[in-house]
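Biologist: Can you walk me through this one? I'd like to start with a helix and go from there.

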Amino acid sequence: MKSTAVVIGAVLALAGSVVSAQGTQGFVPATDIAKESLPATPLVYGAYGFVWVALTVYVFLLWRRIGKVERELVDVTARIAKR
Amino acid sequence: MGVVQKIFYYHVPSAMMTFMAAFVCGVASAVFLFRRSQLADQIAVSAAELAVVFGIIVLVTGPLWARKAWGVWWLWDVRLTMTLIMWMIFVSYLLLRRFGGPGSDVLAAAVGLFGTALVPFVYVSVNFWRTQHPTTDVVRTLPPEMAAPFRWAIFSFLLFFVALLITRIRLESSRMALEEAHVALED
């Protein structure tokens, strides 16, 4: 019991000395922290690439849908004319 | 801002075309609701689809710019959130037209009007609320070396938008003609 109290007292004394030592140094601004440097080029390529791919895919799908509907329309109109 | 600012030349014109498509859809939807005009319905559904296409471009290119400019991909900022909601309204318009069954055209027209009503709020949101997104003044105060390519980008996007809208209306018109032909064939 007595030894435990001695150990706790020693730890508290050590912690107090560390805190007081830091306190005397004051605020030191961190100037050597590495800042995040994100390259912009992949983002620009990504954005431009997405726009071109999205619009090209949309135009292609639109062209295919028109072709399908108009072929079907010609077919159905011909079947109506035959009757 | 550096090279990442070049995203602006695609992002802003796409946003303008989204607003334009939403506006066209709203006007056509209103005409359809009051006059039951088939042409107005064809224009509305075509414009709604273009609002979704240009809207997805806005919602993808914006975060790519923001990652460099703000350090994050997305913020639940008023402009960004309202744009996302507006885009989702037009997606719901198309889903309603696709899966809504008979009579969904009238309900979809009302949804289209709601989407269009959001446009002015999305536009002025950056001026009224304190948001991270740049205000609308950015476009007016561009230096000449940026203003010229920006105007050219808007003009190109506008031409492309008109061409796509005309083509999409043609598809819708053919589709309606096909439906009528199928009905005539069955009768």
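**A helix and what surrounds it**

Modeller: This is a predicted model. In α2(A), A:Leu43, A:Val44, A:Ala47 and A:Val51 are buried.

Biologist: What covers the buried residues of α2(A)?

Modeller: The cover includes two helices of chain B, α1 (8–35) and α2 (38–69).

Biologist: How many residues does each chain bring to the contact?

Modeller: Chain A gives 23 residues and chain B gives 26 residues. On the chain A side, 16 are nonpolar, three are polar and four are charged.

Biologist: Back to helix α2 of chain A. What span should its 42 residues have?

Modeller: Helix α2 covers residues 41–82 of chain A, and at 1.5 Å a residue it should span 62 Å. The end C-alpha atoms are 61 Å apart, so the two values agree.

Biologist: New topic. Which residues touch the most other members of the largest nonpolar core?

Modeller: That core has 48 residues, and the ones are B:Ala21, B:Cys25, B:Ala44, B:Ala47 and B:Ala51. Elements giving two or more residues to this core are α2 of chain A, plus α1, α2, α3 (78–99), α4 and α6 (144–186) of chain B.

Biologist: And what does B:Ala21 touch, beyond four places away in sequence?

Modeller: B:Ala47, B:Leu50, B:Ala51 and B:Phe54.

Biologist: Where is B:Ala109?

Modeller: B:Ala109 sits in helix α4 (residues 104–128) of chain B.

Biologist: Why does B:Ala109 count as buried?

Modeller: Because B:Ala109 has 27 other C-beta atoms within 10 Å, and the cut-off for buried is 20 or more. Leaving aside neighbours within four places in sequence, B:Ala109 contacts B:Ser29, B:Phe32, B:Leu33 and B:Ala44.

Notes
Residues numbered from 1 in each chain as written. Chains lettered and ligands numbered in written order. Predicted model: local features only at pLDDT ≥ 70, side-chain atom pairs only at ≥ 80, totals over all residues. Contact = placed C-beta atoms within 7 Å. Nonpolar A, V, L, I, M, F, W, Y, C, P; charged D, E, K, R; others polar. Helix = DSSP H or I, 4+ residues; strand = E, 2+ residues; numbered from the N terminus. Expected span 1.5 Å × (residues − 1). Buried ≥ 20, exposed ≤ 12 C-beta atoms within 10 Å, placed from the backbone. Core = buried A, V, L, I, M, F, W, Y, C linked by C-beta atoms within 7 Å.
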